[in-house]
Structures are given as C-alpha cells and as structure tokens.
Amino acid sequence: MRKLFLPLAAVIILLVSGAAFAQHGDGIKKRRPLPEEYGTVEINNYSEYTGLAPVMYPHWLHRSIYTCRLCHVDIGFAMKAGGTGITAKDNEKGFYCGTCHNGKMIFRGKPVFKACTNAHAPRGWLTPEQARRCDKCHSEGKETVQDYDFYSYTADFPKETFGNGIDWEKAESEGKIQLIDYISGVSARRPDLPIPPDADIIPKLEGMPKVEFSHKKHMDLSGCELCHPEIFSIRKSGDHMSMADNFDGKYCGACHGKVAFPLIECGRCHKSAAFQ
Amino acid sequence: MKKIITDAIFAVSIFFLSLSVTAYAAGSGLSENERSWIDEFNQVCSETGASMTLSEDQLKDRISSAEGLKGRLGTLDDSAKKVYSRRLDMCRNMYTFALEAKGKKTNK
C-alpha cells in the first residue's frame with residue numbers, strides 16, 4: 001500500500017495542477033494593450049503565406065477620419081478580424097484598402113499612399129520605395145516609420161481612462177475630428193435618416209443604473225445595417241443580453257472592448273453619479 | 001518570301017496589340033454589366049437607413065429586388081463579387097429585420 005502511495009500522489013498532483021493550468025490558459029494574465037495598440041487588428045489571411053509580415057491595422061487612425069459605417073458597410077470590411085479575406089488583387093482593383101490607398105485619393109493635401117501592388121514579387125525585385133510602402137502596413141514585428149504618430153496626433157484630444165485613452169465622442173463634438181461618411185463611387189447617396197427613439201435598458205441587477213442607449217450617436221457612426229440584424233436581431237421572449245455576453249464579444253461587445261471604448265468604463269453607459 | 005515574312009510579322013504584331021488593348025480595357029474599371037449591377041444595387045440599398053419608415057409592401061419589394069440582384073452576382077468579377085455579396089446581404093437583412101420588427105409591433 002505504501003509502495004502505491006507515492007506514484008498515486010504524484011498522479012493526483014499532476015492532474016490537479018494540469019486542470020488549474022488549463023483553466024487559466026498559460027497562467028499569465030492578458031496584458032492590457034497600450035493606448036496606441038488598442039483596437040489594432042492583425043490581418044494575416046495571406047500575408048505570411050506570400051512571405052510578407054502580417055498587416056497591423058491601426059484602427060485609431062482610421063476611426064479618427066472615417067465613420068465605422070463607411071468602412072464596414074460601404075467598403076465591405078467584415079466585423080471580425082480575418083473575416084474579409086482581403087487579397088492584394090482586391091486592393092489593386094480598388095476594393096477594401098485599395099478604395100483609398102490607391103495613390104490618387106487626396107487627403108490633407110497629399111495622395112494617400114498606394115497599397116503594395118507587387119506584393120508577391122521577391123523582396124530583391126522591389127525598389128526601396130516599394131519595400132517601404134509594403135512595410136507601412138505589413139509591419140508586424142518591424143520598426144517602421146508611420147506618417148502619423150499616435151501621441152502627437154492625439155495630443156490635444158480630450159482624454160479618457162481606458163482604451164485608446166481618448167474620448168472620441170467628445171473629440172468629435174469639440175471639432176477635433178470630422179468624420180467622413182461618403183466616398184464618391186463607393187457610397188450610395190442616402191436620404192436623411194429618421195432617428196429611432198433612444199431606449200432605456202433596465203439591468204436585472206438591483207441598484208445597477210439603467211443604460212440610456214442613444215440611437216442617434218450610434219446611427220451617426222454606424223448606420224442601421226452594421227448592427228441590425230447581425231449584432232442585434234429581433235429579440236424573442238427569453239432572449240436576454242448580459243454583461244457576460246458583452247465581454248464575450250456579443251451585442252455591445254462587438255465594438256466596445258475591441259475598438260470603441262471598453263466595457264470597463266461602466267459610467268459611459270450606466271449613467272449614474274456613482275460612476276462619474 | 002520576304003513579303004510573307006513581313007505579313008506574318010505584321011499579323012502577329014496586330015494580334016498582340018489587340019490582346020494588350022483588350023487586357024488594358026478589362027483591367028481599367030468596370031464593365032457595362034458590372035456598372036449596371038452596381039447602379040441597381042445603389043438604388044435598392046440606399047434606403048436601409050430609412051427602412052423603418054417604409055411600408056411593409058415597400059420593404060417586401062426591396063427584399064425581392066435584393067434577391068434578384070443576388071441571382072445576378074455572377075456578372076461581377078471575383079473581387080467585386082466578394083465586396084458586393086456582403087453589402088447585399090447586409091442590405092437585404094436590414095430590410096428583413098425592419099419587416100419583422102413591423103410585424104412584431106402589429107402583433108402586439
């Protein structure tokens with residue numbers, strides 16, 4: 001019996017520690033992204049396959065120029081990373097990144113740099129200028145010089161605690177940013193939108209302040225079809241939205257916590273003096 | 001003999017010239033069919049933002065037009081098909097959502 005005790009104890013310890021390890025992933029708490037990293041999306045559908053570094057897409061820069069709707073509805077970028085399947089050929093034909101990154105569109109007085117068109121060419125065949133241009137987007141793990149530096153670009157923007165550390169809503173209302181919502185030849189001309197009424201969302205948790213959901217704020221940024229019905233479909237009786245769902249990337253969590261201000265800024269939605 | 005060779009060179013040159021012109025035309029912008037599909041798409045899907053103000057009949061009409069367009073997605077090239085297939089789905093789904101929301105309101 002004594003002979004059996006030691007191996008048995010070792011097996012039990014291994015099983016218990018293995019289960020605990022599995023529950024906490026690699027045992028390391030996930031690092032909170034730096035302000036300039038928040039919202040950055042790694043796009044790697046074909047990059048590494050073609051010998052390029054994955055694209056590190058800076059959401060902060062694009063969201064300071066365009067509405068969510070313009071890119072995710074009119075240009076057709078999926079809401080999930082890697083869901084679009086962008087190819088260099090698509091860009092060359094003027095779709096996705098190539099809608100603006102075509103070397104022709106003028107923004108702030110200069111042409112928007114062209115997406116790399118000969119991405120599949122061996123590195124030695126590219127001119128230094130072409131290689132630099134590829135590296136601007138295909139930048140994972142590289143020290144690249146970007147046209148816009150996060151900290152100098154956002155220096156006078158109103159600040160917030162988490163996410164990018166920027167109160168984007170306030171930045172827009174103060175005129176620090178003016179979001180573009182229309183690109184000729186891509187967007188359809190839309191009539192002025194009637195705004196649906198705002199909605200109060202009453203939490204089930206007693207004492208938790210209600211959410212004052214503004215349809216107007218969300219429509220200005222996202223239009224209708226970005227949220228309905230893909231993220232918010234018709235609710236059947238028994239369907240409940242929970243914070244656990246949100247943290248899981250569903251409902252509000254489809255944007256908040258990924259690009260829009262994170263869910264831990266409770267007071268931005270649950271309006272109460274206690275959270276201010 | 002010399003004339004035959006000259007004619008052959010001329011014919012081959014014309015052949016390659018016409019090939020390159022065709023390739024250039026294909027690579028520059030959209031074909032007539034594609035342009036007409038996209039124009040129709042813009043017409044059908046420009047009212048998604050106002051979908052809650054449309055009547056049930058108007059919504060049904062937009063949904064059926066969107067379905068018609070889906071059947072003709074084949075007229076677009078691969079990249080355009082990828083982009084517009086998603087855009088068309090979002091548009092059709094939004095009209096369907098509005099129609100269902102109206103139905104739910106009426107039933108209450």
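Guide: One term before we start: contact means heavy atoms within 4.5 Å. This is a predicted model, where local features need pLDDT of at least 70, side-chain atom pairs count only at pLDDT 80 or more, and totals for chains, interfaces and linings use all residues. Residues are numbered from 1 along each chain as its sequence is written, chains are lettered from A and ligands numbered from 1 in the order in which they are written, and side-chain values use heavy atoms, with hydrogens and water left out.

Visitor: OK. How many residues does each chain bring to the contact?

Guide: Chain B brings 21 residues and chain A brings 35 residues.

Visitor: And how much area do they bury between them?

Guide: Chain A and chain B bury about 2,300 Å² between them, with 60% of it on carbon and sulfur atoms. Buried area here is the accessible area (1.4 Å probe) that two parts lose on being put together, summed over both. B:Arg86, B:Met90 and B:Phe97 supply 25% of the area that chain B buries against chain A, more than any other three residues.

Visitor: How many salt bridges are there across the interface?

Guide: The rule finds 4 salt bridges between chain B and chain A. A salt bridge is a side-chain nitrogen of Lys or Arg within 4 Å of a carboxyl oxygen of Asp or Glu. B:Lys82 forms one with A:Asp90, and their closest N and O atoms are 2.5 Å apart.

Visitor: What about polar contacts?

Guide: Across the interface, 11 residue pairs are in polar contact, both residues being at pLDDT 80 or more. A polar contact is a pair of N or O atoms within 3.5 Å; within protein, one must be able to donate a hydrogen and the other to accept it, and residues adjacent in sequence count only if both atoms are side-chain atoms.

Visitor: Which helix of chain B gives the most to that side?

Guide: Helix α4 of chain B, residues 78-107, gives the most, with 14 residues. Helices (H or I, at least four residues) and strands (E, at least two) are DSSP runs, numbered from the N terminus. The side of chain B that touches chain A divides into 8 nonpolar, 7 polar and 6 charged residues.

Visitor: Switching topic: what is chain B built from?

Guide: Chain B has 4 helices and 0 strands. Buried residues make up 34% of its 108 residues. Buried means under 20% relative accessible area, exposed over 50%, and partly exposed in between (1.4 Å probe, protein chains only).

Visitor: And chain A?

Guide: Chain A has 9 helices and 6 strands, and 36% of its 276 residues are buried. Among contacts in chain A with a separation of 6 or more, 51% come from residues 24 or more positions apart. In chain B, 76% of the contacts between residues at least 6 apart in sequence join residues at least 24 apart.

Visitor: Where is A:Asp74, and is it buried or exposed?

Guide: A:Asp74 is in helix α3 of chain A, residues 68-74. A:Asp74 is buried, with a relative accessible area of 1%. Not counting residues up to four places away in sequence, A:Asp74 touches A:Arg69, A:Asp181, A:Val186, A:Ser187, A:Arg190 and B:Arg87.

Visitor: Nice, one of those is in chain B. Which peptide bond is cis?

Guide: The one joining A:His228 and A:Pro229, with omega about -5°. A:Pro229 lies in the loop between α8 (215-222) and α9 (243-247) of chain A.

Visitor: Which residues have a positive phi without being glycine?

Guide: A:Tyr96 is one of them, with phi near 50°. A:Tyr96 sits in the loop between α4 (88-92) and β3 (106-107) of chain A and is buried, at 3% relative accessible area. A:Tyr251 also has a positive phi, about 45°. A:Tyr251 is in the segment after α9 of chain A and counts as partly exposed at 26% relative accessibility.

Visitor: Last one: what does A:Ile195 touch?

Guide: Leaving aside neighbours within four places in sequence, A:Ile195 is in contact with A:His215, A:Lys216 and A:Met219. A:Ile195 is partly exposed, with a relative accessible area of 40%.

How values were computed
Nonpolar A, V, L, I, M, F, W, Y, C, P; charged D, E, K, R; others polar.
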